[in-house]
Amino acid sequence: MSVHDSWRVDAREKVTGQARFAADLHIPGQLIGKVWRSGQTHARIVSLDATEAKKIPGVVKIMLAGDMPAHTTWSTYPFLAQGRVLYQGDAVALVAAESEEAALAALAQMEAVYEALPPVLSLDEALEESAPILHNSYPDNRVANSHWPVRKGNIREGFEQSDLVLEREYRTSHVEHAYIEPEAVVVMTDWDGSLIIYGSTQNPFNTRRAVAAATGYPLNKVRVVQQAVGGSFGGKEESVGLLAGRASVLCLATGRPVKMTYSREESVIESSKRHPFRFRYKVGAKRDGRLMALQAELVDEGGAYNFQAQFMNWRACVHAAGVYHIPNVEIDVYAVHTNHVFGGAMRGYSSPQIIFAQESLMDELAAALGLEPLALRRLNFLREGDETITGQILHEPVNAEKVTLRALDLADYERKKEAYRRQDPDTRQVGGIGFATCFRGCGLGAEAPDATGAILSVQEDGSIVVRSSLTDMGQGLQTAHAQLVARELGVSPARIVSKPVDTSLVPEGGMTVASRGTYSGGKPILQAVARIKQILLHVAAQKLECSAGELAMANDCVFRREDPSQKLSFAEVASAAFWSGHSLSVTEWFQPGPLRWERETGQGEAFPSYTYSCVVAEVSVDRLTGKATVTKLVSVHDAGRVVHAGAASGQVYGGMAMGVGMALMEGLNFERGLVTSTNFDRYLIPTAADIPEAVFEFLPSDGNSGAAGAKSLGEATVEAVPAAVANALAAAGYRLRTLPALSESLLKRERG
Amino acid sequence: MKKLITLNINGQEFDLAVSPRDLLVDVIRRKVGLTGTKKGCGQGDCGACTVLMDGRPILSCLTLAVACQGRRIQTIEGLSEGDKLHPIQESFVEHGAVQCGFCTPGMILSAKALLDRNPHPSEEEIKLGIAGNLCRCTGYKKIVESIAGAAEKMAEGEG
């Protein structure tokens, strides 16, 4: 591995403890803000009384819903609930105090009277005709705008032409992001009266929007400065907006800086979760395995309020049939409200759940047809020139089969599969091997404009500042962007400082989601580099008395290609350019081409490019205890051209671990709607001791739409893992149709 | 009632007025101002608050500050010497074992405690040595490789 493969812009600061996270900030005069939560599943607020709490020494301010300038974020989620609470995390009061102790003492003295209302405790209950109505505007409990259909061909004829029809139901659970850093913000006012928010935010511009909504401030008077973010995975979006909105209101009401940090319990109770799904699939195939028809109903649990289901379910409908050619399709995706914590974005944005269901289905179909899992897939894989279920013709290289064959080869799949089939089924420890193949639409696609911006400035001493509108939350985006600049300008990374997002300094460039940080976020960077490069070469050409076309940039120098001894240092050129009045600070914007989408039929160009992945899993099950262990994972990803091998491989290993957690361990526990697993003693995530042997390979490919040929990767790394583990468990004799595959589920299951 | 105590942190003595219930992590972060020690769960499950006390790893979110009088406490800030990183820190940087960095200080201190008592650990021993430190980003692989790499570096250093 070369130096360029592992360097990282912030590694030194992070190994020395110098990196500053939001909770590490301390502003002189700051107050500590706290949220008082309902703790109710569904209830009417009869009365709230803060009289005793206000008497606690050190308590500066207590705010109830009536004291708030505004009540909800852009969606339906309230900063403070009014009249009714819809889940335990609903905030009903805010406290600002001189110390953590005083703030907590005040919370203990708050008094509330609630009248319990009938709750909706599962997505099945939400769909019952007699279900309580949670939002009057949506009497069927369906989340607004969350229905995304796909209609292709003729589903009735498709099933008529099928020799075999298989129906299956699969389910997944609430999964917690479990970033190790709980949410935190510090809010203060600037001398011009505007607000400054330092926060652990994945999407500073969304945080800014939430603060503007909570305070009534215009966007230009709200400045959000991102701190080092201790993991996010889709989680530090809405919850941080709510947190920042509440802290800002307290800051303005008290005239003092306010710091708010969530405890782990609060983080688990209020932050969004991976949407649990119920999948009902019906698939029809010819005797030889050709897929003829797929009908599917995908219902996800949106929870108490309306957050991201309306966006996420679009991605879900596009990917619902997997990476296969199916002529007749009828798919409906929609979300429902319950009195549980809300569903939101989490790494994969519905794909890990869907791939689990749909790739389990493929294995079950293969078994029913008497085919090998690979044979069924090879017969049906999408290929270049094929039409997807949304009617999109795939013009770029389609590498579903390639990544699969390579992964199976790396995993020694055929030999191991046979060996497992010959194992003695009566031994205590049994094993199995299985795989899953998938694709992932790169970036936002037709969901939203994939536009974003960046600023590149070369200083007169030859040092460089890169600012992107997109954020680094641990994945290494600042490093990847710096790498692109270093490579294009032929300079050492040490010359480059890559800054976190400050909303007052960079153009609003949308959210850092959909694995678009490099894929799309790299584009304005490359555009800016190209402009700067042109200026520098022009200046250097004048000094070296040649034409710009004769020059090259490498090793921190500009030199003549024909005679490298005729050269100038990068710093000399930068200085000369600056002192001759050239602009060395460039703002660039990437605007993607439009994509066509027809909502009623789900037909159109969903994404410009797709990442292809295959994961092979090997498992071992203790038949006595039901404990399953993933012993090995192999993955192969066609992510185009990888920009930074170190950061990319970090994504792969991290995604594998997260996938193992989702497959075997992770699911929030509730008791009458209240979360009982609010910390890491009861919500278990993989430790170093749970990690399997991990092998991966990138399959390089060209001809895609990404920056420097890079396709989306971060989310793709986790997506097929739960499905592969489920198929491996099935090969070991345990076909589970609900995740996580806990020991008790395995024990209950008759080995088939 | 506040109590006056003296804490020896990274070789430096701090005179502090603390409440008997104050946790070491809060005193280190808020009163001493060393924020490299992190608080991730508040109940000893995640390991982000790990510091070394007389060379052994402890969870500072479960430790009362008053109980640390007269002990030698080492935090992540006390590991490097000026600009010179400790071999474990160096190895984390070289192996790309850092992503979000929030678990990193605790992870490195657990690794140091491990290597101090077992300079040549097997892969299994490394995994067990950091099993109390949760990381959600890296999948642990490069962390384990870093610690193995640091063990080699430190052995060479001795030789």
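A: A salt bridge here is a side-chain nitrogen of Lys or Arg within 4 Å of a carboxyl oxygen of Asp or Glu. By that rule, 5 salt bridges are found across the interface of chain B and chain A. The model is a predicted one, and every value given here is computed from it.

One of the pairs can be named. E100(A) and R30(B) form a salt bridge in which the closest N and O atoms are 3.9 Å apart; the pair counts because the cut-off is 4 Å.

On the side of chain B that touches chain A, at least two residues each come from helix 1 (24-31), helix 2 (87-94), helix 3 (104-117), helix 4 (123-129) and helix 5 (141-158) of chain B. Helix 2 of chain B gives the most to this side, with 4 residues. Sorted by class, the residues of chain B that touch chain A are 19 nonpolar, 13 polar and 13 charged.

In extent, the contact draws 45 residues from chain B and 50 residues from chain A. Between them the two chains bury about 3,700 Å², and carbon and sulfur atoms give 57% of that area.

The domains of chain B come next. Chain B is divided into domain 1 (3-78) and domain 2 (87-158), and the C-alpha centres of these two domains lie 21 Å apart. Contact between them involves 16 residues of domain 1 of chain B and 12 residues of domain 2 of chain B. The area they bury is about 1,100 Å², with 67% of it on carbon and sulfur atoms. Between these domains of chain B the count of salt bridges is 0, while 3 residue pairs, both at pLDDT 80 or more, are in polar contact. Strand 3 (residues 50-53) of chain B provides the largest share of the side of domain 1 that touches domain 2, namely 3 residues. That side of domain 1 of chain B has 6 nonpolar, 7 polar and 3 charged residues.

Chain A has four domains: domain 1 (22-117 + 187-270), domain 2 (121-177 + 272-393), domain 3 (396-442 + 609-752) and domain 4 (446-590). For domain 1 and domain 4 of chain A, the C-alpha centres are 39 Å apart, and 18 residues of domain 1 are in contact with 17 residues of domain 4. The area buried between these two domains of chain A is about 1,300 Å², of which 49% comes from carbon and sulfur atoms. Within domain 1 of chain A, the residues that lose the most area to domain 4 are Q202(A), F205(A) and Q226(A), together 45% of what that side buries.

Domain 1 and domain 4 of chain A have 3 salt bridges between them. R208(A) forms a salt bridge with E508(A), at 3.3 Å between the closest N and O atoms. The count of residue pairs in polar contact between these domains of chain A, both at pLDDT 80 or more, is 11. On the side of domain 1 that touches domain 4, helix 7 (204-215) and strand 11 (222-226) of chain A are the elements that give two or more residues. By class, this side of domain 1 of chain A has 7 nonpolar, 7 polar and 4 charged residues.

How values were computed:
Residues numbered from 1 in each chain as written. Chains lettered and ligands numbered in written order. Predicted model: local features only at pLDDT ≥ 70, side-chain atom pairs only at ≥ 80, totals over all residues. Heavy atoms only, no water. Domains from an automatic or database assignment. Contact = heavy atoms within 4.5 Å. Buried area = accessible area lost by both parts, 1.4 Å probe. Polar contact = N/O pair within 3.5 Å; in protein donor to acceptor, adjacent residues only side chain to side chain. Nonpolar A, V, L, I, M, F, W, Y, C, P; charged D, E, K, R; others polar.
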